[in-house]
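Please read these notes with the model open beside you. They go point by point.

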Amino acid sequence: MERREAVAAHVATVWRVIKAPVVVPLLQAAVAVCLAMSAMLVVEKAYMAVVFVLIKATGRRPEKQYKWEPMRDDDVELGGSASYPTVLVQIPMFNEKEVYNLSIGAACGLSWPADRIIIQVLDDSTDPLVKELVAAECRRWASKGVNINYEIRDNRNGYKAGALKEGMKRSYVKHCDYVVIFDADFQPEPDFLCRAVPFLLHNPDVALVQARWKFGTAGIWRIAALDEAGGWKDRTTVEDMDLAVRASLKGWKFIFLGDLKVQNELPSTFKAYRYQQHRWSCGPANLFRKMLMEIASNKKVTLWKKVHLIYSFFFVRKVIAHVVTFIFFCVIIPATVLVPEVEIPKWGAIYIPSIITILNVVGSPRSLHLLVFWILFENVMSLHRTKATFIGLLEAGRVNEWVVTEKLGVAMKSKAAKKPRTRIGERMHLLEIWTGAYLVFCGCCDVAFGRNHFYIFLFLQALAFFVVGFGYVGICVPSS
């Protein structure tokens, strides 16, 4: 007991010695940096919200801004298809046992002349059973007259980007004008091409027509633009963003069709979601590192576009948005409870976060009832996004890690809904648990000694970290 008291007294002494000359200045500097980043983020959010509202209020639609005419059906009905360009549909997949038939079936069901569409299944599967199933599905559709090609390679170099790049080398691709990429869980509606292709057909300066997943985005590329931009590259885990940025630097334009939706599957387990978010946070940060000087030195785009790409698109949205959320709200604000000499102005601790939250609601008003849960969960996920962002910026160990998001498919949903028993150790996530413990400690100190009532937020946020940390988020997928 005496030894413990001695250790505690020594720690208290060391804390008093370093607190004023070291801890307080460092924490004040961190607060200042976080406040500056928060201000940058709120300006960006406000800008995006204003743009969103103006587009909605003015009724601006792609059909009004760009040339667009519906595809003529009379040629097809008369047995011809001269007015229809040839489209390549690529479906990259990797051990997609549960969904391969959904995506292939949807692609083969697209309303387009049979002699003007080529389906290309790029199968990197390592499971022989899955490869045989996919090959058999391709043969089944080929027997129905569909021009479908089953392509495999003897390695997974470059992962998805490598597969797409390899697929573009096939001899039959030279006859294609456009290429559309659907992931293995994508299920486009039959009229997808009829609604998207006319924008490319009548606007030669448009490189990409991007549709909307029911939970994301999907697009169709002009092959000439893809080639001019340098084709697919495997230098990051966000190969589509890489290609889009390079094409924009060549002066190509993009169209987003918000009312053209493509059904796909959300990650069903928290583990899968974590891997996905790591890839989506690490990849853009790493691409920012690789393309910063290329963007800055580009001669073909305006200064405004360079500023938009470097500052707005990459720095604020892909770096600051992740870092400030975790560092400020889950580290710095709790730390000021332990160091009351450092104060955070009310506008930084309350007003800016509130404004950012309100601006986020502008884009998805139907989710207003989930707002509190969304904030708490996003703060938890910011832990992993921040870690992934620094890995990307520093090009550290897991920078090019690619873990395919596990998909369940329709057949597995009822099976996965039955939550199997799992050991507590298999569900635990230590980073979340330790962060939750830190927040509880800071919250208790605020109850005892604080005066800002931060403990209300700290306890709620700690609860969110514990819920995730002990595995009570998402579903558990049975192995059989």
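**Notes on the predicted model**

1. Strands β2 (residues 117-123) and β3 (residues 148-151) pair in the parallel sense, over four bridges. Within this pairing, I119 has I148 of β3 as its bridge partner. The link from β2 to β3 runs through helix α5 (residues 128-142), and this β-α-β crossover is right-handed. Bear in mind that this is a predicted model.

2. How many cavities of 30 Å³ or more does the structure hold? One. The largest cavity has a volume of about 50 Å³. Its lining consists of L122, D124, E151, I152, R153, A163, E166, G167 and R170.

3. By class, the lining of the largest cavity divides into five charged residues, three nonpolar and one polar. Among the charged ones are D124, E151 and R153.

4. Now the aromatic rings. The structure holds eleven aromatic pairs. One of them is formed by Y84 and W112: the ring centres are 4.8 Å apart and the planes stand at 75 degrees, so the pair is edge-to-face. A plane angle over 60 degrees is what counts as edge-to-face here.

5. On annotation, UniProt (unreviewed entry) places "transmembrane region" at residues 29-55, 319-339, 351-377, 428-449 and 455-477. Two of these spans can be set against the model. Residues 29-55 are 100% helix and 0% strand, and their end C-alpha atoms lie 39 Å apart. Residues 428-449 are 91% helix and 0% strand, with the end C-alpha atoms 32 Å apart.

6. The unreviewed UniProt entry also carries "domain: Glycosyltransferase 2-like", covering residues 222-336. In the model, that span is 68% helix and 10% strand. Its end C-alpha atoms lie 53 Å apart.

Key. Residues numbered from 1 in each chain as written. Predicted model: local features only at pLDDT ≥ 70, side-chain atom pairs only at ≥ 80, totals over all residues. Heavy atoms only, no water. 1 Å grid on protein atoms, 1.4 Å probe; cavity = no way out; pocket = protein on both sides within 12 Å on 5 of 7 lines; lining within 4 Å. Points joined across faces, edges and corners; volume = space filled by probe spheres on them. Nonpolar A, V, L, I, M, F, W, Y, C, P; charged D, E, K, R; others polar. UniProt positions renumbered as here; feature names shortened; annotations may be inferred. Helix = DSSP H or I, 4+ residues; strand = E, 2+ residues; numbered from the N terminus. Pairing = 2+ DSSP bridges. Right-handed = clockwise from strand over helix to strand, strands pointing away. Phe/Tyr/Trp six-rings, centres within 6.5 Å; stacked < 30°, edge-to-face > 60°.
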